[in-house]
Amino acid sequence: MSEPPTLHSRRTLALRFDIPISKTSEFWSALKEGRFITTKCAKCGNVSFPPQADCPKCMGSDSEWVELGREATLVTYTRVQITPASFSDRDPYVIAIGELSEGLKVLAWLEGAGEVIRPGMKLRVEARTSGEGNPYYVFVPA
Ligand SMILES: [Zn+2]
């Protein structure tokens with residue numbers, strides 16, 4: 001059986017993301033220094049994560065930065081076996097949702113947990129720097 005006529009391209013697709021962070025740049029600067037902070041609404045006191053320029057509860061635009069604890073409890077996770085091409089050098093990897101002691105839920109990669117991962121296990125948030133020099137955060141077993 002013959003294949004239908006097809007144009008083949010073997011170019012490597014590079015993805016470029018320019019993510020505006022002007023309203024949350026404080027978070028990224030702090031993360032570079034290994035600190036984990038987020039926004040607290042000056043009007044209603046709501047603490048958000050990820051940090052928000054405007055309060056999702058009362059829509060207020062005045063916020064202050066508060067330090068977050070590093071301890072978390074694993075709520076759920078998924079092991080990504082078939083990774084997107086842009087993460088093929090990291091496969092497989094684990095994405096987790098952890099709940100901080102403040103009650104905030106955080107989505108992040110879970111590193112160093114091996115094969116034994118159980119909801120309820122204690123995690124810690126750690127700051128990392130990507131190969132491109134961008135700060136990011138991961139969970140590690142506590
Ligand atoms: Zn508010």
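The model is a predicted one, in which local features need pLDDT of at least 70, side-chain atom pairs count only at pLDDT 80 or more, and totals for chains, interfaces and linings use all residues. Residues are numbered from 1 along each chain as its sequence is written. Read from the N terminus, the order of elements is α-β-β-β-β-β-β-β-β. The protein is divided into domain 1 (20-68) and domain 2 (69-142), with bounds that come from an automatic or database domain assignment.

**Confidence**

- The mean pLDDT of the protein is 90, and 99% of its residues reach 70 or more; pLDDT is the predictor's confidence in each residue, from 0 to 100.
- Confidence is lowest in helix 1 (residues 25-32), with a mean of 93, and highest in strand 6, at 97.

**Overall dimensions and packing**

- The radius of gyration of the protein is 19 Å, whereas a compact globule of 142 residues would have a value near 14 Å. This radius is taken over C-alpha atoms, and the globule rule is 2.2 Å times the number of residues to the power 0.38.
- The C-alpha trace spans about 70 × 35 × 30 Å along its principal axes.
- Of the 142 residues, 14% count as buried. A residue is buried if 20 or more other C-beta atoms lie within 10 Å of its own, exposed if 12 or fewer, and partly exposed in between, with C-beta atoms placed from the backbone.
- Among contacts with a separation of 6 or more, 46% are accounted for by residues 24 or more positions apart. Two residues are in contact if their C-beta atoms, placed from the backbone, lie within 7 Å.

**Domain arrangement**

- The C-alpha centres of domain 1 and domain 2 lie 21 Å apart.
- Eight residues from domain 1 and 10 residues from domain 2 take part in the contact.
- Helix 1 supplies three residues, the largest share of the side of domain 1 that touches domain 2.
- That side of domain 1 divides into six nonpolar residues, one polar and one charged. Ala, Val, Leu, Ile, Met, Phe, Trp, Tyr, Cys and Pro count as nonpolar, Asp, Glu, Lys and Arg as charged, and the others, Gly among them, as polar.

- Three strands form an open sheet in the order 2-1-3, with antiparallel pairing; two strands pair if DSSP finds at least two bridges between them.
- Strand 2 (47-48) and strand 3 (63-67) stand at the edges with a single partner strand each, so one side of each is left without a neighbour in the sheet.
- Strand 1 (residues 37-41) pairs with strand 2 in the antiparallel sense over two bridges, and Thr39 stands opposite Ser48 in strand 2.

**Loops around strand 2**

- Lys43 lies in the loop between strand 1 and strand 2 and counts as partly exposed because it has 13 C-beta neighbours inside 10 Å.
- Not counting residues up to four places away in sequence, Lys43 touches Cys55, Cys58, Gly60 and Asp62.
- Lys43 and Ala72 are 29 residues apart in sequence and 27 Å apart in space, C-alpha to C-alpha.
- Pro50 lies in the loop between strand 2 and strand 3, and the peptide bond from Phe49 to Pro50 is cis, with omega near -5°.
- Met59 is placed in the loop between strand 2 and strand 3. Its phi is near 65°, a positive value in a residue other than glycine.
- Met59 counts as exposed because it has 10 C-beta neighbours inside 10 Å.

- Strand 4 (residues 71-80) and strand 5 (residues 93-100) run antiparallel and are joined by eight bridges; Tyr77 stands opposite Ala96 in strand 5.
- Strand 5 and strand 6 (residues 105-110) run antiparallel, joined by six bridges.
- Ile95 has Trp109 as its bridge partner in strand 6, and Val94 has Leu110.
- The hairpin of strand 5 and strand 6 has four residues between the strands, and Gly103 takes a positive phi near 90° there.
- Strand 6 pairs with strand 8 (residues 135-141) in the parallel sense over two bridges. Trp109 stands opposite Val138 in strand 8.
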